[in-house]
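User: I am new to this protein and would like a friendly tour. Could you take me through it in questions and answers?

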Amino acid sequence: MADRNSRREALTRAETWVIKVGSALLTKDGRGLDEQGLDTWCGQIASLLASGKRVVLVSSGAVAEGCRRLGFDSRPTTVHELQAAAAVGQSGLIEAYERAFRWHDRRIAMVLLTHDDLSDRERYLNARTTLATLLDLGVVPVINENDSVATEEIKLGDNDTLAGMVASLLSADVLVLLTDQDGLHETDPRLEPNAPVVRQAAAADPNLDAMAGRGAGRLGRGGMVTKLAAARLAARSGAHTVIADGRTPNVLGRLADGEGCGTLLTADVAPLDARKRWLAGQRAKGDLVVDAGAAEAVANRGVSVLPAGVTDATGTFQRGDLVRVIDPDGRAVAKGLANYDAGETRKLAGRKSSQIEAILGYVDEPELIHRDNLVLL
């Protein structure tokens with residue numbers, strides 16, 4: 001019981017939240033957007049933001065809204081009809097969010113992603129940097145799969161998976177999957193209405209697979225199978241996941257207060273630990289040689305690697321590749337993800353960050369390796 005309470009209390013300290021709202025909640029069972037409900041969730045998110053949380057919203061609903069506008073009775077099965085519905089519905093969806101958040105003096109940004117954006121390393125870093133910048137500016141990123149241009153080969157498949165990938169991308173503290181169910185049940189509640197809800201379990205627990213079952217809603221692609229898969233994806237990056245009924249009054253605020261709403265699926269590592277563990281296990285494609293002062297600062301003060309402290313760069317690497325940080329005696333002190341390729345890094349060695357644009361003609365980041373993408377050896 002103590003451990004269960006401590007895991008719930010961990011949500012009260014969570015800083016970065018990824019919140020996914022499903023089609024079953026957003027679309028009145030397919031009869032257009034539930035704007036009253038949407039206003040309610042946006043109000044709850046605004047309260048989280050006011051308390052100092054950073055929130056990314058992953059939203060379904062574009063295809064379902066497009067189906068309503070186009071007069072479809074059910075979700076299409078052909079890719080081109082799905083893409084057409086997404087294109088038609090996306091404008092209505094973002095318009096509704098823009099209007100709802102405006103009441104709370106909050107700005108939003110629409111971000112459409114495909115699988116390629118998160119599997120290609122450079123595009124992965126671009127997406128991470130863009131989302132982090134939006135969060136730093138106090139903007140709420142509203143993310144959806146780019147259904148209007150995706151093909152079967154690059155479609156993420158459902159927004160549960162997308163939410164899990166975004167949680168991993170940002171090293172989020174918590175992933176919240178809001179649905180029309182009160183959590184993961186021990187057996188299918190459609191067959192056994194009194195089936196108990198699993199209040200807490202490890203995301204990796206294999207016993208959960210039989211409980212998740214199969215199936216999805218009429219206008220959605222999700223279901224407990226995809227939610228469990230998303231929770232496991234998020235857990236590998238250290239994020240806890242909550243599956244909860246979005247219709248529960250003030251559900252997000254209650255979760256932030258540590259209340260036992262829904263099903264909590266826990267991760268066994270902290271977000272930063274998970275990211276560092278991943279970095280430590282990757283093979284470096286080059287080296288950044290730094291001076292003694294930079295080596296000491298990286299090793300003992302946890303700072304980023306700046307151009308001024310670099311004396312040389314060896315190897316052939318691209319932006320987003322893993323490189324080692326080498327001290328003047330040839331010892332590897334750290335590994336991290338390069339923000340510039342090998343040739344650019346050599347041009348920047350020994351220069352000030354303020355000179356990057358003048359040297360390269362553009363600037364992505366002021367650091368050669370950001371401390372969040374750096375692990376000590």
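Analyst: Happy to! Buried means under 20% relative accessible area, exposed means over 50%, and partly exposed lies in between (1.4 Å probe, protein chains only). This is a predicted model, where local features need pLDDT of at least 70, side-chain atom pairs count only at pLDDT 80 or more, and totals for chains, interfaces and linings use all residues. Residues are numbered from 1 along each chain as its sequence is written, and side-chain values use heavy atoms, leaving out hydrogens and water.

User: Is cysteine 67 buried or exposed?

Analyst: The relative accessible area of cysteine 67 is 2%. The cut-off for buried is under 20%. Therefore cysteine 67 counts as buried.

User: How many disulfides are there?

Analyst: A disulfide is a covalent bond between the sulfur atoms of two cysteines. Here the rule asks for a pair of cysteine sulfur atoms within 2.5 Å. By this rule, the count of disulfides is 0.

User: Which helix holds glutamine 90?

Analyst: Helices (H or I, at least four residues) and strands (E, at least two) are DSSP runs, numbered from the N terminus. The chain has 15 helices and 13 strands. Glutamine 90 lies within residues 79-102, which form helix H5.

User: Which residues is glutamine 90 in contact with, leaving aside its neighbours within four places in sequence?

Analyst: Contact means heavy atoms within 4.5 Å. Glutamine 90 is buried, with a relative accessible area of 13%. With those sequence neighbours left aside, its contacts are Ala62, Met110, Leu112 and Asn144.
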